[in-house]
Amino acid sequence: MYTNCSNFKLMTKSTPVDDLTIVPPLGMDVESLRNCFRYYYNHTLGRSKECHSTHYPYKALSYTVKDRLMERWKKTRSAYDDSDCKRTYYLSLEFLMGRALGNCMLNLDLTEALKESFYQLGLDMEEIADCEQDAGLGNGGLGRLAACFLDSCATLQLPVKGYGLRYEYGMFKQHIEQGYQVEETDHWLLNGNPWELERPEYTQRVKFGGYTEYHINNKGKLTIYWNGTRDVLAIPYDVPVPGFQNGTVNTLRLWKAAATDEFDLDEFNSGSYTEAVEEKNSAEHITMVLYPNDSSENGKELRLRQQYFLASASLQDVIREWLERHDDFTDFSLKNCFQLNDTHPTVSIAEFMRLLIDEYEHTWDEAWSITTKCMAYTNHTLLPEALERWSVPLFKCLLPRLLEIIYEINSRFLKEVAMHWPGDARRIQQMSIIEEGPIPQVRMAYLAIVGSFSVNGVAALHTELLKQGLFNDFYELWPKKFNNKTNGVTPRRWLAGCNPELRQLITDNIGEKWVKDLSQLTKLKKFINKKEFRNQWKKIKQSNKANLAVLVKEQCGVEFNTDALFDIQVKRIHEYKRQLLNILHVIHLYNRIKAGDTKNWTNRCVLIGGKAAPGYAMAKLTIKLINNVANIVNNDPEVNGLLKVAFFPNYNVSAMEIICPGTDLSEQISTAGKEASGTGNMKFMMNGALTIGTLDGANIEIREEVGDDNFFLFGLTAEEVETSKQHYDPVNIINSDKDIANVMNLLESGCLNQCEPQLFDPIIQSLKSSHDMWMTLADFRSYIDAQEQVSLTYQDTKRWTTMSIMNTLSSSKFSTDRTMEEYNRDIWKMEKVAAHPVE
């Protein structure tokens, strides 16, 4: 069961572990596992049976599992080196890995043996495992997708290595005070991370600041030096990524920033203690916090430092490994590929050029040829404001040499544009990597497109909108660069791991091959009308709903009735994701109850969760509205269980592992044309939830796979959204629809904020504005009608169960195994390499 506990939570009894004085063998059987745990607990950690903390048993258990990973990890690296295979490096500023222990036990097939070992020791393994902290290495879908990609690559035995940053603090821990989001530091590394392996021998040096100098060397060749820099060390920490029961363990390498010198001894001895450690503190800030607030100039500078630090350290590391096995760069682009996860690491293109030209003395044309044959870019957003742009003055201050390279790339690129479209000044201005203006900006997405051989979107609609809209000029210039790779999720964590009862039911009926080949789920179709199978399906869903109800009670203090419809929306809080539309519907349901309109009613429990960026005022106000509505609904005696509402605080991966198996209805209600893909929708679908959604992102493909009859569709299409903006009149919508008018009247009356006058005025003004780009009220009537259809369908238990089973058996397209096979087939073009067997 998920908890938000400290690693030093006390157990209800002592740890009855006897001493073991010999080093045990690394077997996979119950006795070897039990003895290994005892050895680590007693000797490595120095604990005795009088210890009451869960922290030390957790670490001993982690070391026990990690030992089994270690040999396979080494065998995998050896197999890659021996075969001199092509490799791909996945650069991402986020990797939202979640808890490692359960996933490693599943992928090593150790779960049952460890449960028996702990039973024999008189210990509760779930209680101990529950105290693992979620790794604070990501924020939302982008980071979780990266984690799923690594899992699938290891399972498919693809030689892929992840590169990211080892943040000391995660984004933040969220708790709710008087309905408001309050942010606390998430010091997830406070008690260490037993899964990482420090590799100081591979430390890299990253440059910032300084100036460039040009010299003619003794061969008469122009050489460029980046001098006067303030350097930072990048220290690597490796995390194992095991494939599913195949012996392969790939690597996620995370960089920690450190000063070249710990402190200035002369400053310290003179009494200037703060100044003495200034350089150390400045360096460590780079990997201190995931996504610092970039509303200030200091915040922007730190974000750019993080992005370049990741790119430079990773590229230097790849080059180091390459030159250990090869004499030159002749075959580099044939044997290596860099996948850039969104615009954050796209400075890699300029940095790789710098390294090849300045450090390894390649000509520009040679370096550009290598670079553009091994860089590939994935775009994750349709929102222009979400594309990275850095001011030229900031870039010049931090990365002067790279700015020179970017200007040269842009100059050569614009010549190509001018040749393709002679005299078209508009195109040149629109496509320039440098956006001119009072403060010129570097458009990082444009740099990514120009410097990459592949540009992919992450859902069919998203890719088409990129080609026809955001990147249309580039698509017309290089149509063959663009391709689609619809996202997915790993079925190991998001079905087999998080829903063990359903996993067992599926395995009992179609065998266990589906865990590695999700297309096998279509075999469930022959059981869809079998009474025993259906009854078991419903029983498992009720069991999962009971688990979720316990979690909601623990975290929110709200009682959820498991016979009610569990209506869930958990994701980052953003206006385009339209949590506001969801809570407006809750107000509509509340209005109906207060008016006595409850004939043929379906009881409903609504759970909304997610974090708002600290500087995002409207998103934080939406959280406040949700909590105020919940407080009124849950405490009104007239409601009497017909409706419950809760806001889930500090939503994370471990919480989702309980939420998605217990969900009946998945809310995927973004404004059409705004969500790139979405992956939460896939997790819910895989676990048998039904979707209510717009034709946005991967919703379109989910509906295609499961069929129109098993998806609750509402709202405008992306094309209709664009057309409607020209004559959007939300006030007229309110005046012409009694239900919507009643919702707005309650919102405007102050009933929801009696002690805080005008609190929700910004939301009201946004809803009524003809410039509301999220078109919330335009979709509201359609949403109300679709929700009414949901309620009626839920009352038909037979039909709802059929639809639930159909969603699961139709979810195979949304496995990251399929996604990674497509990346490899079309972009990476690697051979699969099996790890050497463990003797």
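A: Three strands make up an open sheet in the order β13-β15-β14, with antiparallel pairing. Strands (E, at least two residues) and helices (H or I, at least four residues) are DSSP runs numbered from the N terminus, and two strands pair if DSSP finds at least two bridges between them. The edges of the sheet are β13 (389-391) and β14 (434-435), each with a single partner strand, so one side of each has no neighbour in the sheet. β14 is joined to β15 (residues 441-443) by 2 bridges, and the two run antiparallel. In this pairing, isoleucine 434 stands opposite valine 442 of β15.

The model is predicted: local features need pLDDT of at least 70 and side-chain atom pairs count only at pLDDT 80 or more, while totals for chains, interfaces and linings use all residues. Residues are numbered from 1 along each chain as its sequence is written, and side-chain values use heavy atoms, with hydrogens and water left out.

Valine 442 leads on to phenylalanine 395. Leaving aside neighbours within four places in sequence, phenylalanine 395 is in contact (heavy atoms within 4.5 Å) with Val442, Met444, Trp390, Leu304, Val347, Pro400, Leu402, Leu403 and Ile406. Phe395 and Phe338 have the most contacts inside the largest nonpolar core, which has 112 residues. Such a core is a set of buried Ala, Val, Leu, Ile, Met, Phe, Trp, Tyr and Cys residues joined through side-chain atoms within 4.5 Å. Here buried means under 20% relative accessible area, exposed over 50%, and partly exposed in between, with a 1.4 Å probe and protein chains only.

Strand β1 (residues 87-91) is mostly covered, with 5 of its 5 residues buried. In a regular strand the side chains alternate between the two faces of the sheet. In β1, Arg87, Tyr89 and Leu91 point one way, and Thr88 and Tyr90 point the other way.

Strand β16 (residues 454-457) has both faces covered: Ser454 and Asn456 on one side and Val455 and Gly457 on the other are all buried. β16 pairs in the parallel sense with strand β12 (residues 375-378) over 3 bridges, where tyrosine 377 is partnered by valine 455. β16 also pairs in the parallel sense with strand β17 (residues 482-484) over 3 bridges, and there glycine 457 has asparagine 484 as its partner.

Glutamine 245 lies in the loop between β9 (232-242) and β10 (249-259), and its phi is near 50°, a positive value in a residue other than glycine. Glutamine 245 is partly exposed, with a relative accessible area of 38%. Arginine 578, in the loop between β18 (565-570) and α23 (579-594), has a positive phi near 60°. Arginine 578 is buried, with a relative accessible area of 1%.
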